[in-house]
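Trainee: Could you walk me through this one before I set anything up?
Mentor: Gladly; let us look at it together and take it topic by topic.

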Amino acid sequence: MRVGIGYDSHRFAEGRKLVLGGVEIPHPRGLAGHSDADVVAHALTDALLGAAGLGDIGALFPDTDPQWHNADSIRLLNQAYLRVLEMRLHLVNADVTVIAEQPAIARFVDQMREKLAGALLCGPSDISVKGKTNEKMGFIGRGEGIAAIAVAVLE
Ligand code: MG
């Protein structure tokens with residue numbers, strides 16, 4: 001068994017779609033980033049890569065490479081997982097915490113689990129997603145951005 005942890009954060013930006021766990025969430029602002037800035041997918045990707053000892057998302061999909069501009073991060077997650085499978089490892093389960101003051105993500109969690117599970121060739125019951133506020137503290141509390149933490153177990 002191998003375990004990996006992933007963290008990501010992106011700041012809010014005007015005129016961007018908000019995509020979390022592959023799900024487009026209605027919100028006045030989206031997240032800034034080279035790709036679709038999906039912090040959930042990015043944190044989970046880093047957790048998988050960390051567990052497999054394969055480095056991190058920035059090494060695999062450099063933001064200097066134009067092919068990842070506005071990339072669908074669910075696709076990146078899937079690509080990273082294919083690398084994991086090549087190491088003869090597979091996902092047992094993953095758990096993600098999304099830290100955001102706004103929006104509340106509870107009603108989108110099931111859709112996110114479906115999307116993430118699709119990329120990871122597993123069932124939604126193997127992927128947990130939960131939301132948390134930061135109790136109005138710090139950059140998240142001030143509504144400057146969203147962060148996510150993920151843990152993945154590989155066998
Ligand atoms: Mg990111």
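**Core, metal site and ring pair**

Mentor: Keeping in mind that this is a predicted model, I would begin with the largest nonpolar core, which has 49 residues, and those with the most contacts inside it are Leu20, Leu48, Leu91, Val129 and Ile146.

Trainee: Which helices and strands each supply at least two residues of this core?

Mentor: Among the helices they are H1 (39–52), H2 (57–60), H3 (73–86) and H4 (109–119), and among the strands they are S5 (91–99), S6 (127–132) and S7 (145–154). The largest share of the core comes from H1, with 9 residues.

Trainee: And what is leucine 91 in contact with, leaving aside its neighbours within four places in sequence?

Mentor: With those neighbours set aside, leucine 91 is in contact with Leu48, Tyr81, Leu120, Cys122, Ile127, Ala152, Val153 and Leu154. Of these, Leu48 is also listed with Leu91 among the residues that have the most contacts inside the core.

Trainee: Switching to the metal, which residues are the protein donors of the magnesium ion?

Mentor: The magnesium ion has as its protein donors Asp8 through OD, His10 through NE2 and His42 through ND1, and they lie 2.1 to 2.2 Å from it. Written as a sequence pattern, the spacing of these donor residues is D-x1-H-x31-H. Since histidine 10 lies in strand S1 (residues 2–13) and histidine 42 in helix H1, the pair ties together parts that are 32 residues apart in sequence.

Trainee: Is histidine 42 buried or exposed?

Mentor: Histidine 42 is buried, because its relative accessible area is 8% and the cut-off for buried is under 20%. Histidine 10 counts as buried too, at 16% relative accessibility.

Trainee: New topic: how many aromatic pairs does a search of the whole structure find?

Mentor: The search finds 1 aromatic pair. Its members are phenylalanine 61 and tryptophan 68, whose ring centres are 4.8 Å apart and whose planes are at 80 degrees, so the pair is edge-to-face.

Trainee: Where is tryptophan 68 found, and what does it touch?

Mentor: Tryptophan 68 is found in the loop between H2 and H3. Not counting residues up to four places away in sequence, tryptophan 68 touches His34, Ser35, Leu60, Phe61, Pro62, Arg75 and Leu76. From C-alpha to C-alpha, tryptophan 68 and aspartate 36 are 9.3 Å apart in space, while in sequence they are 32 residues apart.

Terms used:
Residues are numbered from 1 along each chain as its sequence is written. This is a predicted model: local features need pLDDT of at least 70, side-chain atom pairs count only at pLDDT 80 or more; totals for chains, interfaces and linings use all residues. Side-chain values use heavy atoms; hydrogens and water are left out. A nonpolar core is a set of buried Ala, Val, Leu, Ile, Met, Phe, Trp, Tyr and Cys residues joined through side-chain atoms within 4.5 Å. Buried means under 20% relative accessible area, exposed over 50%, partly exposed in between (1.4 Å probe, protein chains only). Helices (H or I, at least four residues) and strands (E, at least two) are DSSP runs, numbered from the N terminus. Contact means heavy atoms within 4.5 Å. Donors are N, O and S atoms within 2.8 Å of the metal (3.2 Å for Na, K and Ca); water is not among the atoms, so sites may look incomplete. Rings of Phe, Tyr and Trp (its six-membered ring) pair if their centres lie within 6.5 Å; planes under 30 degrees apart count as stacked, over 60 as edge-to-face and the rest as tilted.
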